[in-house]
Amino acid sequence: MAEAHIDIPGYSKRVTVIDHPMVQHKLTILRNKDTGSKKFRELIKELAMFEGYEATRHFQLEPTMVKTPICETISYTLKGRKVAVVPILRAGLGMVEGILELIPAARVGHVGLYRDPKTHMPVEYYCKLPDDIETREVLIVDPMLATGGSACAAIEFLKAEGVPAHQIRLLVIIAAPEGIQAVVETDPGVNIYTCAIDDHLDEHAYIIPGLGDAGDRIFGTK
Ligand code: PRP
Ligand code: URA
C-alpha cells in the first residue's frame, strides 16, 4: 500500500503498525466480504490480542525468585500496572475479550458513541468508567479509525476524567490517514496501534479499502 498522506511531521513516532505476517494474513481474511460474522468476531479478538502485546511493550518488570523443577533462578513479573480497556460501542466490544485474555485483571469501561450518518460527527449515548480510571493505563479499543471523530471524543472524555494522555493508547484494526491526523492533532501524547493504514475515506466517511461496517459485521446487523 502507498505511503499514507498525513500532514504531521514525526507522526509515525506515535503510530505502531503491526506488520507481523500472521497479523497481515488474518487482516486479509477480515477484509474479505465473504467472511461471516462468526469468523469475523474470532479474527477481531485475535488481532486485538496481538495489538495488546504491542501496546503493553512499555510495561516494566521486576525481578523475582522462582523455583523451576531443576533449580532456583531470578525471573521477572510485571511491576504493578493497573489497566482499563475501554471499548467504543458497539464495534469496540469485539476487541475486549482479546485484551482480557491477555490482561485478565483489567477493568472494563464503556464509551457509547455512534456516527451521525449525515454529519459523520460522533454522538454520545453512554459512558461508564472504573472509579479509579485516572490511575490506570487505558487501552481504548475500536476496530475502525475513520475521520477520528469517535476516537477523539473518547480521548477528550478520558482526559476530562483525569487520565493523562501518556496513559492512553488507542488500539484499532484499520486506520485512515485522516483519523490518524485527527488523533495526533487532538493530542500528540496518545499512541496509536493499528494493523493497517488504509488509503482514504469515501464520501460517506468509510475507509477505503477498509472492511465495510465493523459493527454490522461483528453483530450481523446487515
Ligand atoms: C464506527 C466505528 C468507530 C467509528 C469510526 O462506529 O466502530 O466507532 O465508526 O468512525 P470515525 O472515526 O469517523 O468516528 P459506528 O458509528 O458505525 O457505530 P457502531 O459501532 O455502533 O456500528
Ligand atoms: N466505521 C466503520 O465501521 N467502517 C468504516 O469504514 C468507517 C467507519
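## Briefing: cysteines, a ligand and a covered helix

Let's start with Cys71, which is partly exposed because its relative accessibility is 43% (buried means under 20% relative accessible area, exposed over 50%, and partly exposed in between, with a 1.4 Å probe and protein chains only). This is a predicted model, so local features need pLDDT of at least 70 and side-chain atom pairs count only at pLDDT 80 or more, while totals for chains, interfaces and linings use all residues. Residues are numbered from 1 along each chain as its sequence is written, chains are lettered from A and ligands numbered from 1 in the order in which they are written, and side-chain values use heavy atoms, leaving out hydrogens and water.

**Cysteines**
- Searching the whole structure turns up zero disulfides (a disulfide is a pair of cysteine sulfur atoms within 2.5 Å).

**Ligand 1 and its surroundings**
- Ligand 1 has 16 residues around it, and the closest are Arg115, Asp142, Thr147, Gly148 and Ser150 (near means a heavy atom within 4 Å).
- In the side chain of Asp142, an N or O atom is 2.4 Å from an oxygen atom of ligand 1.
- Thr147 has a side-chain N or O atom 2.5 Å from an oxygen atom of the ligand, and for a polar side-chain atom of Arg115 the distance to a ligand oxygen is 2.7 Å.
- On its own, ligand 1 exposes 500 Å², and the protein buries 90% of that (areas come from the Shrake-Rupley method with a 1.4 Å probe; for residues, only the protein chains shown count as cover).
- Two or more residues of the shell around ligand 1 come from each of strand 4 (83-89), strand 6 (110-115), strand 9 (144-145) and helix 4 (149-160) (helices, H or I with at least four residues, and strands, E with at least two, are DSSP runs numbered from the N terminus).

**Helix 5**
- Helix 5 (residues 177-186) is mostly covered, with seven of its ten residues buried.
- Among those buried residues are Pro177, Gly179, Ile180 and Val184.

**Thr56**
- Look for Thr56 in the loop between helix 2 (37-55) and strand 2 (61-67).
- Buried or exposed, how does Thr56 count? Thr56 counts as buried because its relative accessibility is 16%.
- The Thr56 side chain reaches the backbone oxygen of Gly52 at 2.8 Å.

Definitions and conventions. A polar contact is a pair of N or O atoms within 3.5 Å; within protein, one must be able to donate a hydrogen and the other to accept it, and residues adjacent in sequence count only if both atoms are side-chain atoms.
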